[in-house]
Amino acid sequence: MTVFKDIFKTLRMEPEVWLLYLYGQKLDDFPHLKNAKPRFKGMFLRLAIFLYGLFSQSFFFRKPKVLSESDILVYAGSKNQKDALKPTVERLLDKGINVVTLVQQKVFDNECRNNGFKSVFLGPREIVKVLVVFFIRFPALYLQLRKRHKSLLLYKIDAFCESYKYLVYFDEKLKECKPKIILVSNDHNVDTRSLLAIARTMGIKTAYLQHASVSHVFPALMVDYAFLDGLAALDVYKKCRYSKPHSIHPKSNVFLSGQKKSLGISKFPGNHFLGLALNKLDKPEDIEVVIASLHSKGIPVLVRWHPGLQGKKLKPILNIIDRYTNAEKSNPLDEPVGKFISRLDVLVAANSSIHLEAALMKVVPIYYEYSPVYHHDYYGYVEKKICYEARSVDEIINLYHEAIAGLAMINKKAIQFFSATYETEWEGKEGELVAKNLYEILHEARLESLWGYLESNEV
């Protein structure tokens, strides 16, 4: 069983209920996850779905290419993660660093192909190894989930088993390319947590590039190098320091490197759009109340929905937008978030990191709960004065007019707390900054000499 040594060692240190973090550790903090009932339920049916997904992500007649040796292995599990990592990857390549970039199949596009990115897929050998791990580990997983939430056996058992697939895949790839550093931009999804966990087992250094706002329900920082946006993120992670397996005592070297998304800073003059950014929990009937009120005041509205909101759930919202002559659409699949924000004078959203992105582009953000939320001010933007808060549509309208008149403005000091590069020489070049620091780390520079280095401790 030598071939499985690192995989089983990893699972002893970080079992499945830690790798699928939000369901395994924080389910009670997210009632919408706890109460969600999938279309297909039942343990055996969910296991069949896992096996179907396992085989559908494989290529039995195509042997996976062996990865070349690299200095840094980069992994992106979503489009947002890929977009956040892309500037750093480009600058690392410019510096002559050997980089291998892996992305999920759902993310792989022509841009990935043209830039030499590799798509994650399993060959026949990996499939067999996943099945071996599954049959050995499943009894213990079953008992753990029965003790926690029996509903997880009926609705999410397949998601916990996903860790076997990623542990097997990354075990093979890390042994092929022998990287010195792993770089990711997510720390709470099962794929990235599996990668980071097995890298720790192998003694490979890990780095995390923050790509969105963080919250108190996140896991502890368990990477060697953490490139956080600002002090706000560090404060949050300090509150999360006990959210880790008892057997792990990580120490992270923290760098404050600013907000990483490439947004641009110019605005289209004279549009005076009020932007409505929607998430998947906002109800159509509540959204219509806002649009109708703004329509009665003649305020032009630009509506953007979460990219994960598609199909039948999106259709009622599109119908509402079409009913009002003052409302236009911003499709997140077609229009980058920076371009959307550049068309606004004011942005209105509930719990979303888009507030910070708006503030960075000098657009006034307003926190407003279209529908009831589980966590008021989830990211602390109201508390830390990144954005104004409106408790009614009338307050939104008043703040909109104040913003146009220059009376409601962004808070520069608050922005710097969330994005350390704001109004410094590195503003707009955060990807380059991370690449520069990683280059210096590879060449064994003193960490204290690097821009943004803050501390090394158990965060």
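Biologist: Which residues line the second largest cavity?
Modeller: Keep in mind that this is a predicted model. The second largest cavity has a volume of about 50 Å³, and its lining holds three nonpolar, four polar and two charged residues. The residues that line this cavity are His-211, Ala-212, Ser-213, Asp-229, Gln-259, Ser-353, Leu-356, Glu-357 and Tyr-381.

Biologist: How many charged residues are in the lining of the largest cavity?
Modeller: The largest cavity has a volume of about 80 Å³. Its lining includes Glu-14, Asp-187, Arg-193 and Arg-200. Asp, Glu, Lys and Arg count as charged. Besides six nonpolar residues and no polar ones, the number of charged residues is therefore four.

Biologist: Which residue forms a salt bridge with Arg-200?
Modeller: Arg-200 belongs to the lining of the largest cavity. The closest N and O atoms of its salt bridge are 2.9 Å apart, and the partner is Glu-14. This pair links distant parts of the chain, 186 residues apart, with Arg-200 in helix α11 and, in the loop between α1 and α2, Glu-14.

Biologist: How many residues apart are Lys-175 and Asp-6?
Modeller: These two form a salt bridge, with the closest N and O atoms 3.5 Å apart. Lys-175 sits in helix α10 and Asp-6 in helix α1, so the pair links distant parts of the chain. Their separation is 169 residues.

Biologist: Which residues are linked with Asp-6 and Lys-175 in a network of salt bridges?
Modeller: The count for the whole model comes to 23 salt bridges. Within the network that contains Asp-6 and Lys-175, the other members are Arg-125, Lys-129, Asp-171 and Glu-172.

Biologist: Why are Glu-90 and Lys-86 separated by about one helical turn?
Modeller: The side chains of Glu-90 and Lys-86 meet in a salt bridge at 3.9 Å, N to O. Both residues lie in helix α6, and they are separated by about one helical turn because their spacing is four residues.

Technical notes: Residues are numbered from 1 along each chain as its sequence is written. This is a predicted model: local features need pLDDT of at least 70, side-chain atom pairs count only at pLDDT 80 or more; totals for chains, interfaces and linings use all residues. Side-chain values use heavy atoms; hydrogens and water are left out. On a 1 Å grid over the protein atoms alone, a cavity is a set of points where a 1.4 Å probe fits but cannot get out, and a pocket is an open set with protein on both sides within 12 Å along at least five of seven lines; lining residues have an atom within 4 Å of a point. Grid points are joined across faces, edges and corners, and a volume is the space filled by probe spheres set on the points. A salt bridge is a side-chain nitrogen of Lys or Arg within 4 Å of a carboxyl oxygen of Asp or Glu. Helices (H or I, at least four residues) and strands (E, at least two) are DSSP runs, numbered from the N terminus. Buried means under 20% relative accessible area, exposed over 50%, partly exposed in between (1.4 Å probe, protein chains only).
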